[in-house]
Amino acid sequence: MASASSTSLTLFNFNIPTSNSTRRKKTSSSLISYTTHLPKITISTQESMFQSFNSNGYRVFSSLNASSVDPIEDELTSNTETSVQSPEVEVQIGKWKWRDYSIRYQYSGDSGPALVLVHGFGANSDHWRKNIPVLAKSHRVYSIDLIGYGYSDKPNPREFGVDSFYTFETWGAQLNDFCTDVVKGEAFFICNSIGGLVGLQAAIMRPQICRGIVLLNISLRMLHITKQPWFGRPFIRSFQSLLRNTAVGKFFFESVATPQSVRSILCQCYHDTSQVTDELVEKILRPGLEPGAADVFLEFICYSDGPLPEKLLPKVKCPVLIGWGDKDPWEPIELGKAYGKFSSVEEFVVLPDVGHCPQDEAPHLVNPLVEKFVARHASAKDNAAMTSV
């Protein structure tokens, strides 16, 4: 993989690395540890235009990982370490109409502060299945499929003319409207990867709604046009146009949207690759094969504009906590630590031996972190509701 500072513009092959069999295989007694050997997948193209995708924050493949997406173990399987599902906590599926589009969400819990969980690029609300049942014991928990992802509608971006539709402003507005229409009030936002920019954007647009934000390995957005060398920008624009406007893009998507490719991608971003199960692969891949998913995928990887975390954080009025898996190969913690210096960030927490999707890989670390953060900022009314549960 190229480093985050790489500016190479040479022609090369783009490889999707396989998982490293020497990585830690950490499982609880209820899980079976195994090592998967995957074939190397090679897609010929210009490395100069793919290098950032391969090594940095919102690269092409974080869409199918999501942020590497983030599902959980089998719903019928009990995992004491990750607290997947509790028999006394029921997680329900809801549908919400937003701007005439159908939006899927999941919800659980009937008391305490409201939490809205926001997934990353290419993921969906299933990415939070190890968190919802646990947090719902003392909170009202909602997990939403952003428009274009999961089982929410995927309108064709070409229907909106020259203006981009799949932007952080669109998703920020969706998140705020969801709180107004479904949550019926203010909420804490718990976000992973690009979901962190969605949460920050929403909090700036309507600060009266967001009570606090937990950012888990927020995307550094290394493909943003301002982070590219000036001499490389025309090539990047040309390559993005090639993907978006020709059959090359669809071919590229079809090459990535396979079980083997998704598993390989997930094994890149999960430090503990034993957590990359068949179910996780299926929960990430299946909604990515729905009509319209390819157009959304290609639209977003060609989105080099919009806000950066370092521009949004100074504008946020609510408290922010940042949690970062220190083994994230896509969003290096060395760069992420700079965000801890903003006055809005009250704490930067290092999550040891964890990759890009801490909520799914290490829910035993993330769930208590969220609970403590919310408890610190909960009102007296919230605390009374929580103690009465």
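## A covered helix

Helix α9 (residues 278-288) is mostly covered: eight of its eleven residues are buried. Buried means under 20% relative accessible area, exposed means over 50%, and partly exposed lies in between (1.4 Å probe, protein chains only). The buried residues of α9 are Glu 279, Leu 280, Val 281, Lys 283, Ile 284, Leu 285, Pro 287 and Gly 288. Helices here are DSSP runs of H or I with at least four residues, strands are runs of E with at least two, and both are numbered from the N terminus.

## The model and the whole chain

This is a predicted model: local features need pLDDT of at least 70, side-chain atom pairs count only at pLDDT 80 or more, and totals for chains, interfaces and linings use all residues. Residues are numbered from 1 along each chain as its sequence is written, and side-chain values use heavy atoms, with hydrogens and water left out.

The chain has 15 helices and ten strands. It holds 389 residues, and 60% of them are buried. A contact means heavy atoms within 4.5 Å. Take the contacts in the chain with a separation of 6 or more: residues 24 or more positions apart account for 79% of them.

## The sheet

Eight strands form an open sheet with mixed pairing, in the order β3-β4-β6-β5-β7-β8-β9-β10. Two strands pair if DSSP finds at least two bridges between them. Which strands stand at the edges? They are β3 (92-98) and β10 (345-351). Each has a single partner strand, so one side of each is left without a neighbour in the sheet. On average, neighbouring strands of this sheet are turned by 20 degrees against each other, direction ignored.

Two helices meet this sheet. Helix α14 (residues 363-377) packs on it and touches β5, β7, β8, β9 (320-325) and β10. The direction of α14 makes about 165 degrees with that of β10. Helix α5 (residues 194-205) lies across β5, β7 (187-192) and β8 (210-216), and runs at about 150 degrees to β7. Axes are lines fitted to C-alpha atoms, for helices over the stretch in contact, and angles run from 0 to 180 degrees between N-to-C directions.

Strands of a sheet pair through backbone hydrogen bonds, either parallel or antiparallel. Strand β6 (residues 140-144) has four of its five residues buried, so it is largely enclosed by the rest of the structure.

Strand β4 (residues 101-108) and β6 run antiparallel, joined by four bridges. Here Gln 106 stands opposite Ser 143 in β6. Strand β5 (residues 114-118) pairs with β6 in the parallel sense over five bridges. Leu 115 has Val 141 in β6 as its bridge partner. Val 116 stands opposite Tyr 142 in β6.

## Two crossing helices

How do helix α7 (residues 247-256) and helix α10 (residues 293-301) cross? Their axes come within 10 Å and cross at roughly 105 degrees. The two are therefore roughly perpendicular to each other. The cut-offs are under 35 degrees for roughly parallel, over 145 for roughly antiparallel, 65 to 115 for roughly perpendicular, and oblique for the rest.

From α7, the contact uses Gly 249, Lys 250, Phe 252 and Phe 253. From α10, it uses Ala 293, Ala 294, Asp 295, Phe 297 and Leu 298. These residues divide into six nonpolar, one polar and two charged. Ala, Val, Leu, Ile, Met, Phe, Trp, Tyr, Cys and Pro count as nonpolar, Asp, Glu, Lys and Arg as charged, and the others, Gly among them, as polar.

## Aromatic rings

The whole structure has 22 aromatic pairs. Rings of Phe, Tyr and Trp (its six-membered ring) pair if their centres lie within 6.5 Å; planes under 30 degrees apart count as stacked, over 60 as edge-to-face and the rest as tilted. The ring centres of Tyr 166 and Trp 171 are 6.3 Å apart and their planes stand at 40 degrees, so this pair is tilted. Tyr 166 is buried at 1% relative accessibility, and Trp 171 is buried at 0%.

Both belong to one aromatic cluster, which also includes Phe 165, Phe 252, Phe 253 and Phe 297. Phe 165 also touches Thr 170, as do Trp 98 and Ile 147, not counting residues up to four places away in sequence. Thr 170 sits in helix α4 (residues 168-183) and is buried, with a relative accessible area of 10%.

## Two positive phi angles

Lys 184 has a phi near 65 degrees, a positive value in a residue other than glycine. Lys 184 lies in the loop between α4 and β7. At 66% relative accessibility, Lys 184 is exposed.

Asp 353 also has a positive phi, about 55 degrees, although it is not a glycine. Its place is in the loop between β10 and α13 (358-361). At 35% relative accessibility, Asp 353 is partly exposed.
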